[in-house]
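Let's take a walk through this one together, going from a sheet to a core and then to a helix.

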Amino acid sequence: MDNTVIDAHNISKIYNKENIPVYAVNNVHLHVEKGEFTALVGPSGSGKTTLLNLIGGLDLPDEGSITINGEDITRMSPNELIDFRLKNIGFVFQSFNLIPVLTAKENVEFIMQLQGIDLGKREQRIHVLFDQIGLSDKLESRPSQLSGGQQQRVAVARALASKPKFILADEPTANLDSQSANNLLDIMYKLNQEEHMTFLFSTHDQRVIDRAKRVITLVDGRIVSDTASQILPA
Amino acid sequence: MMILIMAWRNIWRNKSRSFVIILSVALGLFAGIMVQALYKGMMRDRIKSLIYTEVGHLQIHENEFKKEYEPSLYLQQLPSLIQQIKQTPQVKAFATRSIAQGMLASTTGSSGIQMNGINPEQENVVSALKNKLIAGSGFQNQKKNQLLIGKKLAKKMKLEVGNKIVLTCTDQEGNMVSGAYRIAGIFQSSNSMWDERNVFVQQDDLNDMLGIAGESHEIVILLHQDELTLTTQQKLQNQFKKLEIETWQELSPETDLMVSAVDITSYIIIGIILFALAFGIINTMLMAILERTREIGMMMALGMNKLQLFSLVLLETTFLTIGGVPIGYSSAWLLSTYLHKYGLNWESMGEEMMRSFGFSTTIYPEFPTDKIAGTIIFVLITAFISCLYPAIKALQLQPVEALRK
Ligand SMILES: Nc1ncnc2c1ncn2[C@@H]1O[C@H](COP(=O)(O)OP(=O)(O)O)[C@@H](O)[C@H]1O
Ligand SMILES: [Mg+2]
């Protein structure tokens with residue numbers, strides 16, 4: 001059985017083509033299998049966000065193709081892509097993840113509603129999810145009433161809601177103190193271990209890097225190293 | 001469903017901005033309704049004064065009379081006609097008149113006029129002549145050759161109550177005849193042009209001059225209700241096929257024309273108001289969208305499609321608009337009801353101008369019940385169209401760029 005979830009082939013993203021071209025992503029090959037817990041690392045401006053956006057179908061590569069779960073997303077129409085993202089990919093952004101006028105519960109429920117999941121299932125899943133992120137008592141809180149770490153945990157719950165093929169997280173801990181960052185990583189790691197949820201997250205935080213099973217390093221848009229972590233986390 | 005909740009809560013995010021939209025919708029609707037209320041009041045007032053002080057509901061003449069005002073074309077079957085009119089239940093009152101075109105001459109000059117030979121008692125009922133007197137005591141019963149002239153003509157010819165003037169016209173055989181009259185009063189109607197062209201004498205005096213004793217050229221009929229005009233016209237016309245029987249609309253086509261012209265003007269004014277409203281909504285909604293660029297980008301990234309995003313913007317606009325409608329509606333209702341009772345005085349706007357168009361200087365606005373639904377729909381359509389541009393701007397956002405902001 002083929003376990004490939006992401007297969008990016010020769011992809012490049014070039015900005016500023018007319019003047020001095022900037023290769024934000026330069027001829028990248030990336031293969032991710034189900035159950036991976038992979039960190040994308042590199043200095044600021046190395047192309048982490050651009051690469052995650054390409055894989056997430058938020059942006060189209062200038063060269064190469066990206067296959068998610070066997071489907072070539074570079075050939076999809078914009079509307080097909082929206083629907084594909086909704087059903088197959090979970091997103092956690094660096095900040096500003098939640099809709100401020102909705103409660104934590106509604107933020108998660110909203111995405112499930114867009115996915116067409118019926119009320120009964122939604123309620124059930126929301127309870128499971130909030131239990132997993134340890135925020136069962138914050139269901140009715142607005143994002144502004146939650147700490148940064150709590151907001152990111154809700155974002156993880158939301159990304160999980162649709163049972164996506166994988167979750168992309170772009171520097172999810174960048175704005176968190178170390179305890180909250182650790183806490184978020186714990187939750188992500190647990191989901192990876194217990195539910196085999198595939199995570200691909202970017203970071204330049206060494207403590208986060210240490211917990212990844214695989215570390216891909218980007219410099220100037222190129223992959224310069226791709227290593228399985230020696231120390232497997234407990 | 002969640003979109004509905006989001007739209008509702010988004011309105012409360014920037015209360016003062018939402019309040020501005022609600023207020024502009026209310027103001028737009030208020031102004032739109034008030035313009036129509038004023039016009040409706042003005043037109044109703046104009047029609048009332050046309051009917052009750054000028055032409056009556058119906059007028060009867062010999063067929064050819066009004067072409068040349070030939071004195072010999074008096075009503076042929078007068079007694080049976082009057083008999084019939086008296087027996088018609090819809091008729092409230094009537095008056096007989098003799099009419100001649102001629103000239104009024106004083107020591108200082110002369111002016112072309114129409115002489116209206118009338119019976120004061122009848123005329124007080126049918127055209128409220130007594131109420132129009134602003135100087136002099138009017139016709140004294142026994143005296144002969146008394147005359148009432150309009151304020152405008154009196155001013156133009158520098159005439160006063162008590163002055164003597166000479167009226168000249170042709171009699172029924174075509175001879176020039178004239179008579180000396182003394183001014184017994186000066187009248188003023190709400191139509192100054194009419195005042196300049198018309199003088200009143202007693203019917204017997206004029207008939208003497210014209211040589212048609214006991215006859216009349218015109219019968220004016222006042223009905224119990226305006227709505228009876230057409231049916232009564234039909235009924236009388238069937239009985240007197242050869243006579244010309246005209247309704248007030250036929251007698252004053254310019255009033256009919258004015259009503260439709262005023263309708264058009266009021267639509268233009270409403271159009272301008274709605275245009276301003278549209279700009280307010282476009283501006284405000286655009287600001288609301290720009291402020292939420294990142295949020296919208298995030299929602300699109302997660303998989304919210306264009307239709308859902310569009311619905312969100314549309315719903316927000318709809319909530320704001322619907323918030324404004326009852327405020328605008330009720331304030332317009334209150335003000336127009338108040339003014340309907342107490343009147344709105346336009347004196348400062350130029351009494352002369354109003355009078356020259358046949359309007360009185362106090363307007364009693366009338367709530368335009370028949371046009372409310374249409375006006376509200378216009379406001380809603382305007383709001384809908386105005387939110388299209390901001391909505392399109394939102395749809396054009398690229399999630400990647402929006403998220404980088
Ligand atoms: N919209 C854009 N236009 C031009 N250059 C861009 C744009 N987005 C990113 N870049 C450039 O692409 C490179 C990679 O950026 P990014 O993917 O954000 O890196 P990272 O997330 O690792 O910090 C940078 O040099 C950045 O300036
Ligand atoms: Mg980045």
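Two strands count as paired if DSSP finds at least two bridges between them; helices (H or I, at least four residues) and strands (E, at least two) are DSSP runs, numbered from the N terminus. This is a predicted model, where local features need pLDDT of at least 70, side-chain atom pairs count only at pLDDT 80 or more, and totals for chains, interfaces and linings use all residues. Residues are numbered from 1 along each chain as its sequence is written, chains are lettered from A and ligands numbered from 1 in the order in which they are written, and side-chain values use heavy atoms, with hydrogens and water left out.

Start in chain A, with an open, antiparallel sheet of four strands in the order β2-β1-β4-β5. Here β2 (22–33) and β5 (71–72) of chain A each have a single partner strand, so they sit at the edges with one side lacking a neighbour in the sheet. Eight antiparallel bridges join β1 (residues 4–15) of chain A to β2(A), and A:Y15 faces A:V22 in β2(A).

Now for the nonpolar cores: sets of buried (under 20% relative accessible area, 1.4 Å probe, protein chains only) Ala, Val, Leu, Ile, Met, Phe, Trp, Tyr and Cys residues joined through side-chain atoms within 4.5 Å. The largest has 117 residues, and A:F110 and B:M299 touch the most other members. Its top contributor is helix α16 (residues 369–396) of chain B, with eight residues.

Finally, look at helix α4 (residues 78–87) of chain B, where B:L78, B:L81, B:I82 and B:I85 are buried. They span an arc of only 95° around the axis (taken from the directions from the helix axis to the C-beta atoms), so they lie on the same side of α4(B). On the other side, B:P79 and B:Q87 are exposed, meaning over 50%.
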